[in-house]
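Open your viewer and get ready to click along. We will go from stop to stop, selecting a few residues each time.

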Amino acid sequence: MTSFAVWAPRPQVVRLDVDGTRYPMTRGDDDWWRADVPAAPGARYGFVLDDDETVLPDPRSARQPDGVHARSALWQPQAAPAPWAGRSVEGAVIYELHLGTFTPGGTFDSAVEKLDHLVELGVDFVEVMPVNAFSGTHGWGYDGVLWYAVHEPYGGPDGLLRFVDACHARGLGVLIDAVFNHLGPSGNYLPRFGPYLSRGSNPWGESINIADADADEVRRYILDCALRWMRDFGADGLRLDAVHALVDTTAIHILEELATETQALAIELGRPLSLVAESDLNDPRLITPVAHGGLGMTAQWDDDIHHAIHTAVSGERQGYYGDFGSLATLAQTLTHGYFHAGTYSSFRHRRHGRPLDTTTIPATRLLAYTLTHDQVGNRAVGDRPSQNLTFGQLAVKAALALGSPYTAMLFMGEEWGSSSPFQFFTSHPEPELGRATAEGRKAEFAAHGWDADEIPDPQDPATFERSKLDWSEVRSGEHARLLEIYRGLIRLRRNESDFADPWLPHLRVEYDEDSRWIAMHRGAFAVVCNLNTEAVLVPVTGTVVLASDDPAPDGSATRLPGHSFAVLRTG
């Protein structure tokens, strides 16, 4: 006999369908419906609500072999996750990737074939964009509707287990991107079962009910899903999408609750578990321990660092880049973590953020990066910096991020300056939804001055294919040269203790706005960068440890060629 259960307070009658046979279910006082019936491994099952004969998938389904609109499948792991001591993300180098475009095959198993490249690169963690079940064959994954199931075209739950074990066997930790702030537009049957949605909304749709009436079971649904990735699949933590959209008015914020339960699970499993949040609030309470009145996240994405580096190097100033671009802004952000810290944001037309206490919160709780799936994929044509900047500019960006005290993150292909775009792609099976998605994206960017004909159609399979990495580039020309730069910078982070110092008060930054050079002093080292097209004299001297071009001593200064950096041993 197999036990089936589903939380469904809304219907008056719930029946269980197992391979076409219907069984009655019994409702408990807790609004959970239960039934014990015979079912073979892999049996297809679902629930029939009231007098609608449609068989709906299990909200906690582990596997959807026929897609999110079809019956669920019973699944038991073939083996438990392999033993692994684990590691914390603080101070690590994280590598973000999208399963469908990381390799030509676009599966967990094909991704395993490229893991040795990541080991040689020197990264510590792989962060996979969402792998929960979503409608269609390919997409970014942020429109998931069955959060417990693993997207079948990637290889399903067994494929994920193999992938995590393969990463751990190579010393790589795994973070899974989890989306709990909204549900996708196709295949969301949860409201038929219960009050999963709230009265509010966010930019991606209706908000999740984490604070309205009957929210307790919805919160449990989120918490159990989050813990499951770490307990059942062996993941070392989660990247939590857009947590600022989790509007929680209860006394114990759901993130605090998740942090507390994650810590308890870490103790139970005997290995570190990390929660990395994406938030645009610039609120230090997010990364302050629960014991000190915070929400207890291990770390957070820091877009201010990205904006400060990208604008200073590229010269872009549009949209939310408007307050960034100067070396003064870059220096302020590098030494204080947030640029907007209770200061006026011209993009938001109001004050934004809160100061970070750099004496109590280490820099390793913030992530520094020059590229993410958002920062390229949300551009009109999905163009990477490598499609617009010189080799030297790309190298300078890498030096500023990897040479900083922050936990670092790369986006797949960044390390060799991949020429492949990363565009927004979908595969909605409903023609009307696909058409609305394509038209909406064109209209959005047309409003900002783009020619609508230039905007890739997200539903066109060619948009997806164009976004796959071209691995043949890795060993050619400037691609290979840039890869060696990344490897060298990561080696310095790993091997030199001065680069592991997490305290921002120990970081000294000097710069010259007119000459366009900036230097980060890290103990006995200095990372000096020339953002000018012409050579400049930087008043720092030392032994060259790593350089992107040919720096030369010049009296009491170092001559840096245009668009270049050097790491100098000064002490």
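## Stop 1: a salt-bridge network

Start by selecting Arg15, Asp17, Arg22, Glu53 and Arg71, which are joined in a network of salt bridges. Keep in mind that you are looking at a predicted model. Zoom in on Glu53 and Arg22: their side chains meet in a salt bridge at 2.8 Å, N to O. Glu53 sits in the loop between strand 6 (44–49) and strand 7 (55–56), while Arg22 belongs to strand 3 (residues 21–24), so this pair ties together parts 31 residues apart in sequence.

## Stop 2

The structure holds 35 salt bridges, so let us visit another two. Select Asp124 and Arg87, whose closest N and O atoms are 3.1 Å apart. Asp124 is in the loop between helix 3 and strand 10 (125–128), and Arg87 is in the loop between strand 8 (72–73) and strand 9, 37 residues away. Here Asp124 is buried, with a relative accessible area of 8%, whereas Arg87 is partly exposed at 28%.

Next, select Asp248 and Arg219, which form a salt bridge of 2.9 Å, N to O. Asp248 lies in the loop between strand 16 and helix 7, and Arg219 in helix 6 (residues 216–231), so the bridge ties together parts 29 residues apart in sequence. Asp248 is buried at 12% relative accessible area, and Arg219 is buried at 7%.

## Stop 3: the listed active site

Now select Asp241 and Glu278, which an unreviewed UniProt entry lists under "active site". Asp241 is found in the loop between strand 16 (237–240) and helix 7 (254–269), and Glu278 in the loop between strand 17 (274–277) and strand 18 (299–301). Asp241 is buried, with a relative accessible area of 9%, and Glu278 is buried at 12%.

Show the neighbours as well. Asp241 touches Glu278, and its other contacts include Tyr142, Asp177 and Asn181. Around Glu278, look for contacts including Arg239, His244, Trp301 and Asp374.

## Stop 4: nonpolar cores

Select Leu240, which also touches Glu278. Which residues have the most contacts inside the largest nonpolar core? They are Val131, Leu240 and Phe565, in a core of 149 residues. A second, separate core has 11 residues, among them Phe125, Ala299, Trp301 and Leu367.

## Stop 5

Select helix 12 (residues 431–446). Colour its buried residues: Leu433, Gly434, Thr437, Ala438, Arg441 and Phe445. Turn the view to look down the axis of helix 12: these residues fall within an arc of 135°, so they line one face of the helix. The face turned away from that buried side carries the exposed residues Pro431, Glu432 and Glu439. Helix 10 (373–377) is among the elements that cover the buried residues of helix 12.

Finish with helix 14 (residues 477–495), where 19 residues reach 27 Å from first C-alpha to last. Its buried residues include Leu482, Tyr486, Arg487 and Leu492. What covers the buried residues of helix 14? Among the covering elements are helix 3 (115–121), helix 11 (391–402) and strand 30 (564–569).

Terms used: Residues numbered from 1 in each chain as written. Predicted model: local features only at pLDDT ≥ 70, side-chain atom pairs only at ≥ 80, totals over all residues. Heavy atoms only, no water. UniProt positions renumbered as here; feature names shortened; annotations may be inferred. Helix = DSSP H or I, 4+ residues; strand = E, 2+ residues; numbered from the N terminus. Buried < 20%, exposed > 50% of the residue type's maximum accessible area, 1.4 Å probe, protein only. Contact = heavy atoms within 4.5 Å. Core = buried A, V, L, I, M, F, W, Y, C linked by side-chain atoms within 4.5 Å. Expected span 1.5 Å × (residues − 1). Arc of directions from axis to C-beta. Salt bridge = Lys/Arg side-chain N within 4 Å of Asp/Glu carboxyl O. Lists of a residue's contacts leave out its neighbours within four places in sequence.
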